[in-house]
Amino acid sequence: MKKMKVVFVVLFAFMFILSSCAGETQMPADEDGQAEVDNTGTNEDAGGQDTQEMVEITFMNYSSSGANEEVLGEMVEAFEAENQNIKVDVRTYGFDDYFQQLATSIAGGTTPDVFELNIENFRAYANKSVIAKIEGVDTTNIHPTTLEAFAIDGVQYGLPTKFSNVVMIYNKDLFDQAGVDYPTNDWTWEEELEAAKKIRALGENYFGVYRPIQTWEFYKTVVQNGGSMMNPDQSEFTINSPENVEALEMMIDRINEYNVTPNADQMGGMGDWDLFKSGRLGMLVTGIWAFSDFTENADFAWDIVVEPGIKEKATHFFSDAIVVSESTEKKEAAIKFATFISGSAEAAAIRLEANWDLPVALTDEVTNAYLAITPPENKQAVIDSLDYLVMAPSLENFNAIADTLNDYLEQAVMGILTPQEALDQAQEEISGQY
Amino acid sequence: MKLLLIRNKKWIVLFLIPSVIGYVVFSLIPMISTVYLGFSSWDVISGKPEIVGMSNYLKIFSTKEFYQVLGNTLKYIIIYIPLMLLTSMLIASLFNTDVKAVSFFRVLLFIPVLTSWVAGAMIWRTVLSSQYGLVNNFLKLLGITGPGWLTDPKWAIVSIALVSVWKDIGFFSLIIFGGLRNINHSIIEASKVDGANRLNVFRYITFPMVTPTLFFVLVTAIINSFQLFPQVMVMTQGGPLGSTQVMVERIYTYGFKYYQMGYAAALALLLFIIIMVITLIQMKLQKKWVYYE
């Protein structure tokens with residue numbers, strides 16, 4: 001008896017160790033149990049009695065993480081209802097962890113059949129032949145700019161699912177308190193500065209406007225001043241052009257000279273959204289994915305407007321797409337799923353209802369339905385912003401370049417380098433290395 | 001020894017096998033691959049690593065960043081180690097007294113050790129906030145303007161060291177306390193009879209007899225210092241201005257954010273060598289100050 005117990009304990013220990021080193025043991029993020037929990041991931045014949053073979057595909061994503069996991073679940077349900085022989089195993093990660101997880105999965109030979117990519121990371125994956133060409137799909141409904149963002153030399157490598165952009169969100173109550181007129185689409189940085197000063201004057205803890213100073217904001221703001229981070233065909237960096245330097249100076253002046261934008265100490269570790277939600281910030285330049293959070297958590301009146309420009313207007317354009325793994329054996333099912341989430345009317349409707357960014361299937365019907373969901377009242381600004389869009393440079397080493405540029409921007413903000421010096425050095429280092 | 005009879009050996013081996021397998025699969029094999037990867041270039045998502053010889057190492061030594069990172073780690077060690085040793089020794093001596101409810105304090109001080117670093121770091125990030133954090137507001141009451149603990153490049157690594165002391169003090173003081181308890185009381189009694197005062201007792205008896213434990217604490221703490229990671233990732237992410245970039249943070253960033261796993265592996269092997277050399281030096285110096293009976 002004693003021997004049996006010992007053997008049992010040892011076997012149990014074995015199993016424990018072996019189970020923890022198996023590959024696919026993650027629970028799907030979908031809480032309502034609609035997606036399958038499957039530990040081996042790639043079984044072709046999961047169903048027994050059907051005449052068609054059951055196919056199971058794994059889908060990895062980040063954009064639903066946090067507020068929209070249920071919405072994605074609804075879309076998956078709708079897809080599975082139309083495609084009875086396909087089951088989708090959804091895995092959701094927070095954006096910060098997603099790319100590490102994805103890279104690790106690919107390195108470990110367990111690339112998901114379909115997964116999500118954004119514009120910044122798309123080129124790296126496409127260049128390394130990790131993702132498959134997508135052909136034979138009807139893309140007439142899809143917004144052309146988003147399609148282009150995920151095509152290389154005319155070949156489509158990803159199907160965009162949604163896009164989002166950045167607008168200026170403002171606190172109407174603070175504007176009323178300071179006696180300032182609400183921003184309009186005609187505003188430039190000048191009018192913005194005047195309004196920001198008046199709101200700042202409301203008190204020590206009130207601030208007029210906030211824009212982060214980092215690579216993403218930089219590459220767009222310089223365009224507002226007629227500059228650009230790279231030359232038109234993206235073959236060279238133009239980081240320290242005079243227009244860029246001027247734009248950076250203007251951004252920094254708002255912190256250091258006018259202090260209408262809080263510096264790092266004044267932010268005190270608080271995020272910009274939190275600052276806005278606390279009712280102490282007049283204007284915030286941020287993404288439209290903030291709408292659901294602000295709708296739920298801001299206890300003051302707010303609305304949006306197209307970002308003010310300097311010499312011209314320029315706004316961000318972000319898009320996420322679903323790509324298909326080159327090495328998957330279930331390409332057909334995978335492409336069907338990608339097509340559904342990207343271009344189908346059902347998916348667009350679900351997305352609209354949940355106020356989860358903008359569907360790429362931007363028909364008039366969809367646009368009108370989008371505008372009807374408020375707050376914010378001035379949703380038209382989101383659509384108008386599309387007229388001035390600037391996309392992220394599509395570079396393989398975008399992460400490293402962004403970090404390097406950020407270092408120099410930080411030094412400029414802290415006054416260690418002048419904006420000219422910072423951008424000169426950034427230009428030198430980045431052109432030299434990449 | 002009776003326990004090592006042939007018939008017992010079977011069971012000994014059987015029980016050891018799970019641990020050995022775990023070690024081989026999760027530690028040994030990854031270590032060997034890291035050595036291999038250090039000589040290659042691999043972007044993780046595409047196919048196979050390609051051998052590039054010493055170029056990763058040459059690149060590492062030619063960047064300013066590497067020396068800055070070592071400098072940051074050194075700054076951390078200079079603040080963390082002495083402070084941690086002194087306070088742990090002090091608290092261990094306090095634990096060694098017969099005050100009522102001393103075990104309650106032992107538990108209290110151990111709680112930070114049990115807290116997850118992520119949770120602890122998030123709380124400290126708020127507490128150390130320069131405008132709204134508890135620390136600076138408390139200092140304001142005393143008329144002192146506190147610095148930007150996590151936003152000033154000169155202070156960031158200092159803050160991380162201080163927070164690390166908070167986290168580890170319960171652990172190390174408990175270990176030193178164990179060492180203190182092992183001191184034979186009759187020697188101390190005898191010395192008191194001979195007229196030794198408290199300071200002499202500590203200097204000539206307690207301290208020498210606890211040096212083996214202190215040695216263990218020192219070696220472990222220094223190894224851990226070189227492996228500094230969660231505090232940095234949660235509180236400052238290597239900033240501001242790279243003042244809290246340390247080896248493991250760089251390994252993670254290069255490997256998983258920049259997709260340069262070969263470079264990261266080279267950094268990892270370098271870190272291993274550095275830690276090994278320092279530990280060996282410490283082992284050699286043992287003879288000079290550690291007293292073994």
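In strand β10 of chain A, A:T315, A:F317, A:S319, A:A321 and A:V323 point one way, A:H316, A:F318, A:D320, A:I322 and A:V324 point the other way, and all are buried. The model is predicted: local features need pLDDT of at least 70, side-chain atom pairs count only at pLDDT 80 or more, and totals for chains, interfaces and linings use all residues. Residues are numbered from 1 along each chain as its sequence is written, while chains are lettered from A and ligands numbered from 1 in the order in which they are written.

A residue counts as buried if 20 or more other C-beta atoms lie within 10 Å of its own, as exposed if 12 or fewer do, and as partly exposed in between, with C-beta atoms placed from the backbone. Strands (E, at least two residues) and helices (H or I, at least four) are DSSP runs numbered from the N terminus. Strand β10(A) covers residues 315–324, and because ten of its ten residues are buried, it is largely enclosed by the rest of the structure. In a regular strand the side chains alternate between the two faces of the sheet.

Two strands pair if DSSP finds at least two bridges between them.

| Partner of β10(A) | Sense | Bridges | Example of bridge partners |
|---|---|---|---|
| β3(A), residues 114–118 | antiparallel | five | A:N118 and A:D320 |
| β12(A), residues 389–391 | parallel | three | A:H316 and A:V390 |

Elsewhere in chain A, A:A81 belongs to helix α2 (residues 69–82). A:A81 is exposed, because 9 other C-beta atoms lie within 10 Å. Its C-alpha atom is separated by 24 Å from that of A:A67, 14 residues apart along the chain.

Chain B has twelve helices and two strands, in the sequence order α-β-β-α-α-α-α-α-α-α-α-α-α-α. Its C-alpha atoms fill a box of roughly 75 × 75 × 35 Å along the principal axes. Of the 293 residues of chain B, 29% are buried. Two residues are in contact if their C-beta atoms, placed from the backbone, lie within 7 Å. Of the contacts in chain B with a separation of 6 or more, 70% come from residues 24 or more positions apart.

Between the chains, 28 residues of chain B are in contact with 25 residues of chain A. On the chain B side, α1 (6–38), α5 (117–127) and α11 (247–257) each supply at least two residues. Helix α1(B) gives the most, with seven residues.
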